[in-house]
Amino acid sequence: MATAFSFAQTILFSKTSLSIRTNGLRSFSFCLPFSSSSAASLSSDKLQSKKWRQPVASVLELGGVKIAKDDVLRDDPTNNVPDTIFAKLGMQLHRRDQHPIGILKNAIYEYFDTNYSNQFDKFDNLCPIVSVKQNFDDVLVPADHVSRSYNDTYYVDAETVLRCHTSAHQAELLRRGHTHFLVTGDVYRRDSIDSTHYPVFHQMEGVRVFSPSDWEASGTDGTTYVAGDLKKCLEGLARHLFGAVEMRWVDTYFPFTNPSFELEIFFQEKWLEVLGCGVTEQEILRRSGKTDDVAWAFGLGLERLAMVLFDIPDIRLFWSNDERFTSQFSSGQLGVKFKPFSKYPPCYKDVSFWINEAFTENNLCEVVREVAGDLAEEVQLIDNFTNKKGMTSHCYRIAYRSMERSLTDEEINKLQWNVRELVQSKLNVVLR
């Protein structure tokens, strides 16, 4: 379960689109994961309750569904998707064969095709706009889990989100009868600003379902058999990507697998977490009509592994169109080491303010990204204190740096001025 696994540590298919109109208002044309006959069987009352709107113009095509900008950036009190995130929709770095993310995806495909005789179905073009049910409920994320908050997730409206993990498609794929599959895609999370975090990244999830006939002859129960198969599979994948490395398994907890594990490898003189995985909770299989079966699932972040394999120091580089970056990589060439083409100096600016009870650091980072985009390299809390009146002050240091050119004092000062204004107006804090 791709990054549903990350949720526990800190959840539309292309072929059928269903448009709904209720009371003369537009409803969102959701990337419904049903056949046309299944879609027709949905009651109109159930559809009205979702309040999804039909796209009004052909701006983007995501998973076979055409989406207009105002279908994602809505004048809705629950909408928190900024322009900078909408601009990333449809870029699909994982489908570019000469991009590090695409190269890594294809290397993982090669492993599964070679070792499992093309048994695994592959999905890498599923619509990233999903329902809250798909993103959270279907993979058993608790109703009070922090990942559901507006601070962590991009909401299109109260019932629709930009997927936080590729696990959002797992339940429907199981219901459609798939028993071996890999799902790769871009996922979206509100996050901090530094060299390893970005609000859009890419994940892969793998699922394999076993029937009783698969384990009965082994003399073990289904869970033990499937857990052993899972570990064997993923140890092989780690060797395929990293070579003959030392590995260790760490027991952990996820709400959607039991037992649950993390795989770590000893690489470049340190232990590196590669992925999370486990035996799928029976409730997920039961809801999919697979009561007697047992399954495993794993999830991994492609950027995290690609940064290690290609020696890429800053996650923003994955989005660069600079030929000095893109020309260094070729299809099928896993692990070519990135050669830095420049190192422009950073410029640091501080901003201090009295916070309120609603303040969160993720909200601050969204404001900085809205103004500076990828010119913002890092936002770091460098000082905080509470005065005798109980008011708390935070001071943040913002590092501005372009990956491709030197920034002028004039443009940095303008960025910082705009950040200060927007921090005050959007976050309702008092500048110091």
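**Strands, helices and cores in a predicted model**

Good morning. Helix α12 is followed by D311, whose phi is positive, near 60°. Helices here are DSSP runs of H or I with at least four residues, strands are runs of E with at least two, and both are numbered from the N terminus. This is a predicted model, in which local features need pLDDT of at least 70 and side-chain atom pairs count only at pLDDT 80 or more, while totals for chains, interfaces and linings use all residues. Residues are numbered from 1 along each chain as its sequence is written, and side-chain values use heavy atoms, with hydrogens and water left out.

I shall stay with α12 for a moment. Seven of the eight residues of this helix, which spans 302-309, are buried, so α12 is largely enclosed by the rest of the structure. Buried means under 20% relative accessible area, exposed means over 50%, and partly exposed lies in between, with a 1.4 Å probe and protein chains only. The buried residues of α12 are L302, E303, L305, A306, M307, V308 and L309.

Next, strand β9. Nine of the nine residues of β9 (180-188) are buried, so this strand too is largely enclosed by the rest of the structure. Which strands are joined to β9 by bridges? Strand β5 (121-123) runs parallel to β9, with three bridges between them, and K122 has L182 of β9 as its bridge partner. Strand β10 (200-210) runs antiparallel to β9, and nine bridges join the two; here F181 stands opposite V207 of β10. Two strands count as paired if DSSP finds at least two bridges between them.

I turn to the nonpolar cores. A core is a set of buried Ala, Val, Leu, Ile, Met, Phe, Trp, Tyr and Cys residues joined through side-chain atoms within 4.5 Å. The largest nonpolar core holds 72 residues, and F112 and F242 touch the most other members. Helix α10 (222-242) gives the most to this core, with nine residues. Leaving aside residues up to four places away in sequence, F112 touches S117, N118, F120, L182, C233, L237, W296 and F298. Contact means heavy atoms within 4.5 Å. A second, separate core has 24 residues, among them I193, L375, Y396 and L415.

Now the open sheet of four strands. Its order is β16-β17-β15-β18, with antiparallel pairing. The edge strands, β16 (376-386) and β18 (430-431), each pair on one side only. Nine bridges connect β16 with β17 (392-400) in the antiparallel sense, and T386 has T392 of β17 as its bridge partner. Helix α14 (361-372) packs on the sheet, touching β15 (347-354), β16 and β17, and its direction makes about 140° with that of β16. Helix α15 (409-427) lies across β15, β17 and β18, running at about 20° to β15. Axes are lines fitted to C-alpha atoms, for helices over the stretch in contact, and angles run from 0 to 180 degrees between N-to-C directions.

Finally, backbone geometry. Most residues other than glycine have a negative phi, and most peptide bonds are trans. Where is a cis peptide bond found? A cis bond joins N258 and P259, with omega about 5°, and P259 is found in strand β12 (257-267). E269, in the loop between β12 and β13 (270-280), has a positive phi near 70°. Is E269 buried or exposed? E269 is exposed, with a relative accessible area of 70%. L140 has a positive phi of about 65° although it is not a glycine, and L140 lies in the loop between α7 (132-135) and β7 (155-157).
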